[in-house]
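Hi everyone, thanks for making time this morning.

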Amino acid sequence: MNNLDVLHARAKALGLHGLLAHWHDATAAGWLHDLIEWEEQERARRSLERRLKEAHIGRFKPLCDFDWAWPKKCDKPAIEALMSLEFLNDGIGKSTLAQNIAHQAVIHGHTALFTTAGQLLGDLAALDSDSALRRRLRHYVNPTLLVIDEVGYLSYSNRHADLLFELISRRYEHKSTLVTTNRPFAEWREVFPTAACVASLIDRLVHHAEIIAIDGESYRLKEATERSAKRGRQRRGAKP
């Protein structure tokens, strides 16, 4: 395939029908390659912006600024392996690490959605019709990577547990789901105290899972303490 054939295939893939209709004129003008290159770059930029917006990742600290020495226990190689995104093709940190992984997924062309357990389950439980629930479930089922943050900070009803089980079941062995929690799985019956589906829910989550334990004091508290100490030093230095 020669260069013009490659350009023609790229223009066809972009759906540039006007350009294809005037292909010989465009070729003679000499700006064919630049036009297709500009269109591809602009579409890639807009696609990235759209996927980042839809991911709802929010502000986060990049891993390059993360203090790996702070947690008492943290499997850095395992987290770095997750950042390679290989698990997306095969079918867990706390919030900052989860946000970095979601961001990495979007940068590499995947779709992602970041949400807290409270937001997710509150959203689904508020729907009062089966059709609305099915549509909203699709919203959470569709992304290549779904991040559910902060499972375990609140307790939930049977309905919440059933909704989470339905969502995880639909994604099971089809899409990747990353969950952060402050509780071991043995304590999830306290999160869903009367739900019958907890064992089955955990079974689906851990079947193909990479489980990473992080032990340490709050990183947010560490940063707040450091900021407070820095402001104190600045105030002392500003005194005459």
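Let's start with helix 1, residues 3–14, and helix 4: their axes come within 10 Å of each other and cross at roughly 40°. The crossing of these two helices is left-handed. Keep in mind, please, that this is a predicted model. Which residues of helix 1 meet helix 4? On the helix 1 side we have L4, L7, R10, A11 and L14. Facing them from helix 4 are L32, H33, I36, E37, E39, E40 and R43. If you sort the residues of this contact by class, you get 6 nonpolar, 1 polar and 5 charged.

Helix 5 brings I79, L82 and M83 to the contact, while helix 7 brings L97, N100, I101 and Q104. What does this contact look like by class? There are 5 nonpolar and 2 polar residues, and no charged ones.

Helix 9 covers residues 130–141 and helix 10 covers residues 158–171; they pack at about 55°, with 10 Å between their axes. That angle makes helix 9 oblique to helix 10. And which hand does the crossing have, left or right? Helix 9 passes helix 10 in a right-handed crossing. From helix 9, the contact takes in L133, L137, Y140 and V141. From helix 10, the partners are L163, E166, L167, R170 and R171. By class, that contact has 6 nonpolar and 3 charged residues, with no polar ones.

Last stop, the second largest pocket. How much space lies in this pocket? About 150 Å³. Its lining is made up of R51, E54, H56, T111, A112, L113, H139, N142 and P143. Two elements give two or more residues to that lining: helix 4, spanning 32–55, and strand 2, spanning 112–116.

Methods. Residues numbered from 1 in each chain as written. Predicted model: local features only at pLDDT ≥ 70, side-chain atom pairs only at ≥ 80, totals over all residues. Heavy atoms only, no water. Axes fitted to C-alpha atoms, helices over the stretch in contact; angles between N-to-C directions. Helix = DSSP H or I, 4+ residues; strand = E, 2+ residues; numbered from the N terminus. Parallel < 35°, antiparallel > 145°, perpendicular 65-115°, else oblique. Left-handed = near helix turned anticlockwise from the far one by under 90°. Contact = heavy atoms within 4.5 Å. Nonpolar A, V, L, I, M, F, W, Y, C, P; charged D, E, K, R; others polar. 1 Å grid on protein atoms, 1.4 Å probe; cavity = no way out; pocket = protein on both sides within 12 Å on 5 of 7 lines; lining within 4 Å. Points joined across faces, edges and corners; volume = space filled by probe spheres on them.
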